[in-house]
Amino acid sequence: MESFLKGKTSASSSSKVKQGVAGSLGKQKSSPWVEKYRPKCVDDVAQQEEVVMVLKKSLEGADLPNLLFYGPPGTGKTSTILAVARELYGHEMLKQRVLELNASDERGIQVIRDKVKTFSQLSASASRPDGKPCPPFKLVILDEADSMTPSAQAALRRTMEKQTKTTRFCLICNYVSRIIEPLTSRCSKFRFKPLSSEILERRLKEICVKEEVNCEDKAIDEVIKISEGDMRKAITFLQSAHRLKGDSGIVAEDIIEIAGAIPDNLIKSLFDASRSDSYQKLEGVVKEIIAEGHAASQLIGQVHDQIVQMEDLNDHQKSAIMEKIAIVDKCLIDGADEYLQVLSMCSVMMQQFCHAG
């Protein structure tokens, strides 16, 4: 009986192992492409030539200043500093030497006093398990540092100054103006530019080849247009479209649907209604757009882009519409009704199209 039970236990355990292996294989197969194709070394970072050049020089001398990376999302800020950390410490010592705090962590003054200060005070050895030389300092990465409270930033100022022998800091943010001046003056500042269309196209086509994705060129152009220089957004849209369509092939309409963008024919009908000088027609088109479930913030963004490029409007007309777009955007952020705000914006557009002298 006992041997029977043991046999049963071993059988159940072996089935669990098989399930675990299958689960891990499933996880590997469905891993996000953003993580899968994240740059593994500094040379892999796309387009940011000045940043890469300076960092490579710093890595050669194994000395790193305090860093401040700023720029739009998806341009490689976090990937770059993680690649630097990987080259400095190797995979074995990465967890011991690097403290990474993101906006998901609470980063008030208490976290700076406890976690960051305690970590930065610990000394570091100058050798790695693989025998390669290792810099005698640790690295603290504060991602989305512009969301830190002013008191936490002020507390960090003194820690950065006192612990220069044992720790280097890297602050990452989208808006450098939200970082207090005493912190920015203690860091080497690097601006990350939005990625060019050529870089995005090359990387997306590489991924399509490696993942065997059937994607037409117009769909890739649409991804590039919607992502606006954001590599992370572009790769995420491509993977989402591939999951949706499978092997049947990705077309431009699939990208528009996944991204939540408003189709060009609806935008065109909105402008046609605004030029018609018929309030009933305009109201009907706005109702249709809102009923379709399109976001008002997305609509005003696409309207803004079209207005900027219109040659039949003079500067005075464009400025009047842009001023109204700004007011509507603020009202939407404050929680105003989407239908009324879009109608209000379109009324100003109609006035400028039909009645501006």
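Student: What makes α13 and α16 oblique to each other?

Tutor: In this predicted model, the axes of helix α13 (residues 279-291) and helix α16 (residues 338-354) come within 10 Å and cross at roughly 140°. Axes are lines fitted to C-alpha atoms, for helices over the stretch in contact, and angles run from 0 to 180 degrees between N-to-C directions. Angles under 35 degrees count as roughly parallel, over 145 as roughly antiparallel, 65 to 115 as roughly perpendicular and the rest as oblique. α13 and α16 are therefore called oblique.

Student: Which residues make the contact between α13 and α16, and how does the contact divide by class?

Tutor: Tyr279, Leu282, Glu283, Val286, Lys287 and Ile290 of α13 meet Glu338, Tyr339, Val342, Leu343, Cys346, Ser347 and Met350 of α16, where contact means heavy atoms within 4.5 Å. By class, there are nine nonpolar, one polar and three charged residues, given that Ala, Val, Leu, Ile, Met, Phe, Trp, Tyr, Cys and Pro count as nonpolar, Asp, Glu, Lys and Arg as charged, and the others, Gly among them, as polar.

Student: Why is Ala291 called exposed?

Tutor: Ala291, which is found in helix α13, has a relative accessible area of 68%, and the term exposed asks for over 50%, whereas buried means under 20% and partly exposed lies in between (1.4 Å probe, protein chains only). Ala291 is therefore exposed. Its C-alpha lies 9.4 Å from that of Tyr339, 48 residues apart in sequence.

Student: What angle do α10 and α11 make, and what does that make α10 relative to α11?

Tutor: Helix α10 (residues 231-245) packs against helix α11 (residues 252-259) at an angle of about 110°, with their axes 10 Å apart. That value makes α10 roughly perpendicular to α11. The contact involves Phe237, Ser240, Ala241, Leu244 and Lys245 of α10 together with Asp254, Ile255, Ile258 and Ala259 of α11, and by class it holds six nonpolar, one polar and two charged residues.

Student: How do you know that the span of α10 is close to the one expected?

Tutor: The expected span of a helix is 1.5 Å times one less than its number of residues. With 15 residues, α10 reaches 21 Å from its first C-alpha to its last, close to the expected 21 Å.

Student: Which residues of α10 and α11 are buried, and what do they pack against?

Tutor: In α10 the buried residues are Met231, Ala234, Ile235, Phe237, Leu238, Gln239, Ala241 and His242, and they pack against α2 (33-36), α8 (197-210), α9 (217-227) and α11. In α11 the buried residues are Ala252, Asp254, Ile255 and Ile256, which pack against α9 and α10. Gly260, with a positive phi near 75°, follows α11.

Student: What is counted as a helix or a strand here, and how many of each does the protein have?

Tutor: Helices (H or I, at least four residues) and strands (E, at least two) are DSSP runs, numbered from the N terminus, and the protein comes to 16 helices and five strands. Of its 357 residues, 43% count as buried.

Student: What should I keep in mind about the source of these values?

Tutor: Because the model is predicted, local features need pLDDT of at least 70 and side-chain atom pairs count only at pLDDT 80 or more, while totals for chains, interfaces and linings use all residues. Residues are numbered from 1 along each chain as its sequence is written, and side-chain values use heavy atoms, with hydrogens and water left out.
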